[in-house]
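Please look through the sequence and the model shown here before reading on. The briefing that follows takes up a few selected residues, grouped by topic.

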Amino acid sequence: MKPVWCAGCGNYAVLNAVKRALAGLEIAPHEVITISGIGCSGRLSHYLNTYSLHGTHGRALPTALGAKAARPDLTVLAVGGDGDGLGIGGGHISHAARKNVDLTYIMVDNSIYGLTKGQASPTTPLGHKTKTTPYGVYEDTLSAIPIFLAYDISFIARSGVDIDGLTGIITEAIRHPGMSMVHVVSGCRTFPAFDYKEAAGRFAPLPGDHDPENKLEALELAYSVDPAYIGVFYQVTKPTLGGRLEEEIRRAGAAIDGKQATMEQLLSIFA
Ligand code: SF4
């Protein structure tokens, strides 16, 4: 399908970067499922020649988790915006993070609900006037990376919409064994909540001596506004959902005469 995004929308860069990353990793279309929520960025699942599901608002992650549990061989991508991910679906991130589901979640953060014509989202700057906040946003603005760090997501990165940089980060995120979160700072052309060019002018690569396993340092760097760092803030290796389930099955099986039981033996207990 042909994208229907507004001319100049950052979602085009995200789409191109995802395609390039998958091609670069030589992952075939039938080896990928792309699951998205609702919103302009949620349309991305229509424009990729992979398996896809354009789900309900804020529910990309639970669906992606189910897909990975059922088909661990697939590369699972979840895509959504700031309203979808941090508003309606905000409660899902912590639980996917606790399971360390091996998937890549691309959050395209343009600080506005663009598809529904410009209402304030959880990341709209304080004081910004929108249709739902005619006197300016009066709630504090959520800061995505510190939230992801608090949830201990095992790979956390931020990028702007420069295609080369974003392709590199999405490639690393897909390669990471566990939950990877790519926070993409993007501008909405039609309902701008901030000046993207000005924001991009403050981007700087993370300091070369930053240790991605140092969460406290990552937290400090994440709060920096000028420069606004881009790159991999945090990356650790820990068991994934698949590994944890295998361990559970092994432990459950060991309960039968101290030996690994088959599924048939386990079911026979209830016969
Ligand atoms: Fe992109 Fe904004 Fe247009 Fe949506 S409304 S397609 S986010 S520019």
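Contact, as the word is used in this briefing, means heavy atoms within 4.5 Å. This is a predicted model, in which local features need pLDDT of at least 70 and side-chain atom pairs count only at pLDDT 80 or more, while totals for chains, interfaces and linings use all residues. Residues are numbered from 1 along each chain as its sequence is written, and side-chain values use heavy atoms, with hydrogens and water left out. Helices (H or I, at least four residues) and strands (E, at least two) are DSSP runs, numbered from the N terminus.

- Ser186 lies in the loop that runs between strand 6 (180-185) and helix 7 (196-201).
- With a relative accessibility of 2%, Ser186 counts as buried, a term that means under 20% relative accessible area, whereas exposed means over 50% and partly exposed is in between (1.4 Å probe, protein chains only).
- When its neighbours within four places in sequence are left aside, Ser186 is in contact with Gly10, Asn11, Val108, Asp109, Asn110, Val161, Phe194 and Tyr196.

**Pro29**

- Pro29 is found in the loop that joins helix 1 (10-24) and strand 1 (32-36), and at 43% relative accessibility Pro29 counts as partly exposed.
- Although Pro29 and Leu48 are 19 residues apart along the chain, their C-alpha atoms are separated by 8.4 Å.
- Not counting residues up to four places away in sequence, Pro29 touches Asn49, Thr50 and Tyr51.

**Cysteines**

- The structure holds zero disulfides, where a disulfide is a pair of cysteine sulfur atoms within 2.5 Å.
- Cys40 is partly exposed, with a relative accessible area of 23%, whereas Cys188 is buried, with a relative accessible area of 14%.
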